[in-house]
Amino acid sequence: MDPQRSSVVPPFGGGNNTIRAAIMVVVMIVFSGYLFLWVMIPTNPYRLHWLPEIREQTTSTYFGTIQGATYLMFAFPILFIAVLGCVYVHLGKKSIDNHTKGEINGNNNNHRLAIWKRPMIIKGLGVVTRIEVALFIMFIALLIWSFGTYMRINFATITPNSAANKGQLVWEVKLDRTSDWLAIVGNIAFVFLFFPVTRGSSVLPLFGLTSEGSVKYHIWLGHVVMTLFTAHSFGYVVYWASVRKLHKLLEWKKTGFSAIAGELSLVAGLILWATTFPRIRRKMFEVFFYTHHMYIPFVVFFIFHVGINYASMMLPGFFLFVIDRYLRFLQSRSNVRLLSARVLPCQAVELNFSKTTGLSYTPTSTIFLNIPSISKMQWHPFTVSSSSSLESDKLSVIIKGEGKWSNKLYQLLSSSIDRLDVSTEGPYGPASTDFLRHELLVMVSGGSGVTPFISIIRELIYRSENLKCKTPEILLITSFKNSNDLTMLDLILPLCGAPPEFPNLDLKIEAYVTREKAAPPKEQENTKIRTVWLKPNPSDAPISPILGPNSYLWLGAIISSSFIIYLIFIGILTRYTIYPVDHNTNKICSTSSRALLHMLFLCIGIFIAATSAFLTNKSRSAREITSQIQHMEGATPQASPNSSFYCNADRELESLPQQSISQLINLHYGERPDLKRVLFERKESSVGVLVCGPKKMRHEVANICSSSLAANLHFESISFGW
């Protein structure tokens, strides 16, 4: 390796790092107070002293007796954290990535944290880190604490005499109370349910998380929510049957809790829940996809059931999710500019899109694609295989034909096709990556699991050859079923933009073909990669950040301004419509009507703020997009797919990647990699181990890295198998 290459990034962004550190301190203080509040909610000090006093101080003719206190305690802290998170992530994007040799040498300082990040395999949870296990246990402890405290305090007041005064038995009163507490405890999980699936979240990056990596938390929370809500409903059915009040199942009260709304919410939730289990989700993805839209009636009827005063405790999660969902809707309304596709003989394709130079993303990012000619409704996530550093105006996605949707796409691109309408959402990814802090990167993949590692390799090629920075050694261990699949390795280099050689990058590839004993005869080899050049419409635009290069600052403005707009509308509604009739009694005005108006005004606030931000940034980026489209039109071949131009392009553009990459590949036929031997033999002080592939492979690597003999192995699993 070149000794002249820089191993230390110049000190830059120190001021930004100081501000980010201060923001993180404030966030942790606010979030700790927020969690402490949830711990104290079931206790007498909170119920008898704190809550009445806060409500008394916040009662007004604009927000009533309950709403103001709920906003102050439960909505404002999380939204404040979300806005601070926008500033935090924005400053992080402006700072130079400082994962350098200095960090490698200082890695021992984080030894304790590394121990907590070691993987574990737990039945029902899969591969998790010790930190995740600890947090999961603490969260379950919070639920148990809350339920136990409710029982201890309330059961003490239930006596035979008090039950007789209600004309009921003691067990019936206890069942009534228990069913109520089950729902209250379920609401704690419900509060956090939507945070992991808010793809453009500013909250998740604060804690080093991404939406794709946090899907498992959403699944865990969803199971907890539906278990407790179902138990709550079943308990009340038994209770009402016992006290001969089954008619209450058909009640929709003007004020207070509405049973029918709760039942409708539960039915929607059960339909959604039934299709989330792995066997159904993986074998019938379309069923899972469409039924998951039942979250809309689930949430709407939940709010009708409990009323807006109580539902406001869950407001931040709903609110941030709706903002994100609307921004995704705006981004997906236009077609993007698909320039070309590389069609592989192994039922895989690489789609190459035009993007604006202002769109940057990190390796292992994902993007969601919709192709109306295949399905107008379905959106599928795929790993971005390109590097925004190496390919400033291109974005690439590799798709392996492993299902109905992807097989149809392969068939389309294998036929004579001039253009393809595609819409996108994203890309989404980690705010930063840690792969540069290691001395060695061991990347283990199976089949199409190699695609996220292609983005890492391209990024490291750019850093080693263009920036002359020191980069870790790379050992790619990849397994394929058939020799045709080896052509996926030819996609490591892009069509253009990569240097012909990269001597400064220490890259080794161990490729295993498990179902063939030897290399096929040359006359039987089918390694031809066909490049298909497409003709985008003039209206097709390059992929661009929905809110421009300063997207997180704009997101912070949307969050704060839309909530202020919502509060203004609600304040006017309450002061001049509800208060003159209700006088803060909450017993006259319809609970459902108030809930409906609150949901309407919330959506109006989001619509006004997000649309304004979107249109402002759209007009600003129009000039750049127009200039880039004109440039691409001059560079895109204007010939039919059957012309000799394409044949020559195939030969010229594909020969260089195949020649340069093939020299780095060591092929093994008829065997599987001995991962335990390979990983235990690595003696570097810091080895990053990334795995993406089948469940069995991920578990095998996790077991190896969890060993006490593997203190130098730092595990990370990349899984997009929903």
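Arg 199, Asp 324, Arg 325, Arg 328 and Glu 425 are joined in a network of salt bridges, a salt bridge being a side-chain nitrogen of Lys or Arg within 4 Å of a carboxyl oxygen of Asp or Glu. The whole structure contains 19 salt bridges. The model is a predicted one, in which local features need pLDDT of at least 70 and side-chain atom pairs count only at pLDDT 80 or more, while totals for chains, interfaces and linings use all residues. Residues are numbered from 1 along each chain as its sequence is written, and side-chain values use heavy atoms, with hydrogens and water left out.

A salt bridge of 2.7 Å, N to O, is formed by the side chains of Asp 540 and Arg 419. This pair links distant parts of the chain, 121 residues apart: Asp 540 lies in the loop between β12 (530-533) and α18, and Arg 419 in the loop between α16 (404-414) and β8 (423-428). Helices (H or I, at least four residues) and strands (E, at least two) are DSSP runs, numbered from the N terminus. Asp 540 is buried, at 2% relative accessibility, whereas Arg 419 is partly exposed, at 22%. Buried denotes under 20% relative accessible area, exposed over 50%, and partly exposed the range in between (1.4 Å probe, protein chains only).

The side chains of Lys 394 and Asp 393 form a salt bridge of 3.4 Å, N to O, and both residues are buried. In another salt bridge, Lys 248 and Glu 251 meet at 4.0 Å, N to O; Glu 251 is partly exposed, with 25% relative accessibility.

Two surface patches were examined. Patches consist of residues with over 30% relative accessible area and no salt bridge, like charges being joined within 9 Å and nonpolar side chains (Val, Leu, Ile, Met, Phe, Trp, Tyr) within 5 Å. The nonpolar patch comprises Tyr 62, Ile 564, Ile 568, Ile 572 and Tyr 576, with about 530 Å² of accessible area together; areas come from the Shrake-Rupley method with a 1.4 Å probe, and for residues only the protein chains shown count as cover. Ile 564 belongs to helix α18 (residues 551-582) and is partly exposed, at 48% relative accessible area.

The positive patch comprises Lys 481, Arg 515, Arg 672 and Lys 696. Lys and Arg count as positive and Asp and Glu as negative, with His and the chain ends not counted; the place of a charge is NZ of Lys, CZ of Arg, CG of Asp or CD of Glu. Lys 481 is in the loop between β10 (473-480) and β11 (507-513).
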